[in-house]
Amino acid sequence: MDFLKGIKSGFLQAVRECYQLELNEGEIQINATRKEFVGDYTFVIFPLVKLLKKSPSEIGDSLGNWMEAHVEDVVSHQTIQGFLNVSLSDHFWKQSLDTITSTSDFGYAKSNGKKVLVEFSSPNTNKPLHLGHIRNILLGWSCSKILKANGYDVVNTQVINDRGIAICKSMLAWQKFGNGATPTSSDMKGDHFVGEYYVLFETELMKEYTSFQQSSQGQELFDTHKKADQEEAAFWKEYKNKYFNDFSQLGAEAKKMLLDWENNDPEIRHLWQTMNQWVYDGFGDTYQKLGVSFDSLYYESETYLLGKKAVEDGLKKGIFYQEGDGSVWVNLEDAGMDRKIVLRSDGTSVYITQDIGTAQKRYADFGIDKMIYTVADEQDYHFKVLFEILKRFKEPYADGLYHLSYGMVDLPTGKMKSREGTVVDADDLIAEVINEAKEMSAERGEITALPIAEQQDILSKIGMAALKFFIIKVQPQKRMIFDPKESVDMQGQTGPYIQNAFVRIQSVKRKAAQLKLDNNGTSYDQLEEQEKTLIKNLMSFPDVVYDAGEQYDPSTIANYAYNLAKDFHRFYHDVRILNAETEAAIAFRCELSDQVGKVLFSAFDLLGIEMPDRM
């Protein structure tokens with residue numbers, strides 16, 4: 001939706017009439033005028049200086065004068081160096097607001113006939129979702145909503161990592177120490193329950209390892225294999241994995257359990273299914289709190305063998321090559337990468353193999369045009385390799401692959417409530433921000449008269465907005481610190497601050513309904529600068545949604561929503577709305593406020609954030 005089409009056409013015509021020069025719209029550079037200058041929009045005329053061999057002031061003034069005389073909505077101009085600033089009529093702003101008001105799903109594009117698959121979350125089934133998962137989930141979910149707003153048919157999916165030695169550690173610990181306990185009997189969420197046994201395994205393993213270190217066998221091993229002047233603590237820290245594989249009784253039992261699982265041992269498979277279901281139930285509860293859902297699920301227990309056929313095909317096509325020991329590799333040195341193994345000499349696959357097969361299966365399942373992988377930046381190289389391999393396979397979706405890479409999330413204290421002192425549980429964090437919202441609300445006392453259930457709903461929306469916005473407002477690639485107290489600040493760049501603008505607008509609407517206005521605002525014809533600023537911000541919303549989709553960057557919309565809310569708060573304080581000087585002004589400002597509220601609602605919906613009517 002190009003609100004400035006007539007203004008741009010007028011500029012092109014001015015260049016044609018004044019200088020007999022033909023330009024196309026793609027050659028025009030136009031931006032909102034910076035606040036320290038007079039004007040609404042700025043044309044960059046530096047390129048014309050070189051073409052016409054004239055001074056910027058001469059070119060700017062001649063074009064500005066022509067536009068004032070011939071373009072209906074241009075009322076004045078100012079030339080500053082290589083920039084032509086034009087001021088637009090009240091008619092232009094009112095017409096633009098009318099267009100916004102009459103456009104259903106403003107900011108959303110029509111279907112483009114393309115399908116995109118967005119993968120996010122993809123947890124392990126040996127522990128609860130944590131703070132890192134929250135950033136992953138929020139980015140993936142909001143990205144999927146933004147792509148849908150840009151006309152894509154979107155499929156949300158995840159690969160659940162439900163197999164492997166880490167899963168067996170939890171299972172073995174429960175088998176040895178659980179005494180038949182269940183999440184229900186322990187009054188715990190299933191994912192937290194299973195996670196406790198994963199931690200317990202590590203605790204018991206360290207007890208075993210400490211005893212081994214103090215044994216004669218351990219001391220002999222240290223004396224034999226230590227590096228020169230290496231301290232004993234450093235040696236044992238480095239040796240832990242080898243101990244687990246070669247000496248540990250618990251390690252041997254866990255590895256045997258994995259082999260039994262791979263051999264479809266019925267007892268082990270039953271235990272695996274039971275404990276995984278406990279975790280899935282726990283994950284489901286957390287996803288519900290976060291307001292996210294999935295259209296399809298893939299399980300590593302089913303996908304880990306998918307790459308085998310891809311390896312065979314790759315060998316036939318010359319994409320891969322085989323070493324003498326039987327291992328299969330791909331050489332990516334010509335693409336600035338290195339050699340990468342895709343099949344071990346014993347015939348077992350690696351993660352990249354599985355990912356190749358999974359991508360091919362997804363295309364077979366959904367016929368997608370794009371695939372977005374929401375995965376932390378520590379896997380940047382992995383995805384460069386995967387995408388290059390899929391290009392060499394000439395997969396039809398190979399040009400539509402994108403790694404939505406993001407940095408880690410820390411807390412000011414390093415932790416809030418954690419397991420092993422490092423991991424912050426998602427559920428704990430959610431509870432914490434809702435509690436922060438509760439304390440903030442108690443200080444303000446504005447919802448205490450509402451029914452308890454309504455208060456709880458409002459507090460949940462405020463807390464979740466605080467959590468989600470604080471994380472999403474940061475560009476994905478940046479590492480960030482999440483501060484629960486700062487996130488609920490009503491005056492900062494926070495979700496509750498934006499919600500408060502929306503709530504104010506709902507209050508204005510309720511009070512305006514009681515006035516029973518007859519005037520629709522059409523006769524209001526002397527707009528305030530702050531009204532023009534709000535309309536200008538509203539006009540840019542479709543472009544912001546488009547850019548966020550092109551860049552896979554929800555922070556674009558988060559920061560847009562903040563700026564729009566900030567401008568509305570200023571308008572609310574400085575301009576009379578319900579007690580304006582005329583009924584026409586009241587009607588116009590109420591309509592403008594309503595459209596601001598609708599766009600704030602849409603922007604937050606794209607971020608997966610709900611709006612309360614009161615707070």
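Reader: Which residues line the largest cavity?
Author: This is a predicted model, where local features need pLDDT of at least 70, side-chain atom pairs count only at pLDDT 80 or more, and totals for chains, interfaces and linings use all residues. Residues are numbered from 1 along each chain as its sequence is written, and side-chain values use heavy atoms, without hydrogens and water. A cavity is a set of points on a 1 Å grid over the protein atoms alone where a 1.4 Å probe fits but cannot get out; lining residues have an atom within 4 Å of a point. The lining consists of Met440, Ser441, Arg444, Glu446, Ile447, Ile462, Met490 and Met615.

Reader: What is the volume of the largest cavity?
Author: Grid points are joined across faces, edges and corners, and a volume is the space filled by probe spheres set on the points. The count is 1 cavity of 30 Å³ or more. The largest has a volume of about 40 Å³.

Reader: Which helix gives the largest share of that lining?
Author: Helices are DSSP runs (H or I, at least four residues), numbered from the N terminus. The largest share is 3 residues, and it comes from helix α17 (residues 426–444).

Reader: Is cysteine 143 buried or exposed?
Author: Buried means under 20% relative accessible area, exposed over 50%, partly exposed in between (1.4 Å probe, protein chains only). Cysteine 18, at 26% relative accessibility, is partly exposed. Cysteine 143 has 2% relative accessibility, so it counts as buried.

Reader: How many disulfides are there?
Author: A disulfide is a pair of cysteine sulfur atoms within 2.5 Å. By this rule the number of disulfides is 0.

Key. On a 1 Å grid over the protein atoms alone, a cavity is a set of points where a 1.4 Å probe fits but cannot get out, and a pocket is an open set with protein on both sides within 12 Å along at least five of seven lines; lining residues have an atom within 4 Å of a point. Helices (H or I, at least four residues) and strands (E, at least two) are DSSP runs, numbered from the N terminus.
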